[in-house]
Amino acid sequence: MTLEENIKEAVIEWDEEGLKEICNNILEKNEASPVELLKIIGNIMQFIGKQFEDEQIFLPDLVGSANVVKNTIDEILDPAIKELGQSKETAGKVVIGTVEGDVHSIGKDLVGSFLFSNGFEVFNLGEEVPATKFVDKAEEVNADVIGLSSLLTMSMDFQREVIDELKKRGLRDKYKVIVGGAPTSEEWADQIGADGWADDAIEAVNLIKELLS
Ligand code: B12
């Protein structure tokens, strides 16, 4: 079996120990970088998401796989990326989180990990983050960019709320605000007055580099 097939099997079977072992082995032997492993896992989550949408698998299947992936990213891949990037000069500070009312974490975590591996300092606020918390954190760490993830049509409007909160405090021009997540789009970003939108983690890195250049 190929590496992709091995990883896919572990994710689909909720084999957390198996997935961690595969990742650890690959990293130890230097056969792939943690970022390459993240890309493979991200693609597999997209595939599983599609299966759920097509009603080929059920919600518990999805939750099981998502948990296995989240724990492996948190415990194995993120620390490995951090270890590699320790001596890097920071390319900029990014506060990122999933907006209020929304628990989806994987896409936002991928964006955070990719940014980190590209030299950015990342402050990941987690999920269901209120607008005030995004702004407070950005002020606290003197961030360059605020990244807002939303996977639900229902939660999208909270992205606008963060921009409104910035305006309310007279801070709108101090930060670049970027948005992402499946229901969002370039048009949506324009509509709410964000500085940019990206479709995936690689584009998000390019977008931020462009905005800060
Ligand atoms: C996994 C998943 C879950 C998991 C989440 C686990 C976790 N820890 O994240 C669980 C099972 C908990 C879940 C719950 C729910 N979910 Co759900 N979920 C998904 C699913 C299948 C995959 C999401 C995912 O992880 N994709 C993989 C990652 C890698 O991709 P991504 O998230 O799109 O992120 C990429 C880009 O969007 C972008 N990006 C993401 N964030 C950001 C941020 C910035 C700043 C930028 C620039 C880019 C960016 O880059 C990422 C990396 O490439 C999607 C379907 C889908 N195909 O998206 C539904 C989906 C998002 N869920 C949906 C729904 C309805 C729900 C529930 C309401 C279900 C329910 N009835 O309870 C609840 C939500 C509860 C809540 N309050 O949030 C709907 C949303 C529909 C809508 N438009 O509103 C979807 C689309 C499924 C569907 N078709 O019905 N879900």
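Reader: Which domains does the domain assignment of the chain give?

Author: In this predicted model, the assignment gives domain 1, residues 3-85, and domain 2, residues 93-212. Their centres, taken over C-alpha atoms, are separated by 24 Å.

Reader: What makes a contact between domain 1 and domain 2, and how many residues does each give?

Author: Two residues are in contact if their C-beta atoms lie within 7 Å. The contact takes 13 residues from domain 1 and 10 residues from domain 2. On the side of domain 1 that touches domain 2, helix 3 and helix 4 are the elements that give two or more residues. Helix 4 gives the most there, with nine residues. By class, that side of domain 1 has eight nonpolar, two polar and three charged residues.

Reader: How do you know which residues are around the ligand, and which come nearest?

Author: A residue is counted as near if its C-beta atom lies within 6 Å of the molecule. There are 39 residues around the ligand, and G49, G107, G147, S149 and G180 come nearest.

Reader: Which domains and elements supply the shell around the ligand?

Author: Domain 1 and domain 2 each provide at least three residues of the shell. Elements that each supply at least two residues include helix 3 (34-53), helix 5 (106-117) and strand 3 (145-149). Helix 3 gives the most, with seven residues.

Reader: How do the residues of the shell around the ligand divide into nonpolar, polar and charged?

Author: The shell has 21 nonpolar, 12 polar and six charged residues. Gly counts as polar.

Definitions and conventions
Residues are numbered from 1 along each chain as its sequence is written. This is a predicted model: local features need pLDDT of at least 70, side-chain atom pairs count only at pLDDT 80 or more; totals for chains, interfaces and linings use all residues. Helices (H or I, at least four residues) and strands (E, at least two) are DSSP runs, numbered from the N terminus. Domain bounds come from an automatic or database domain assignment.
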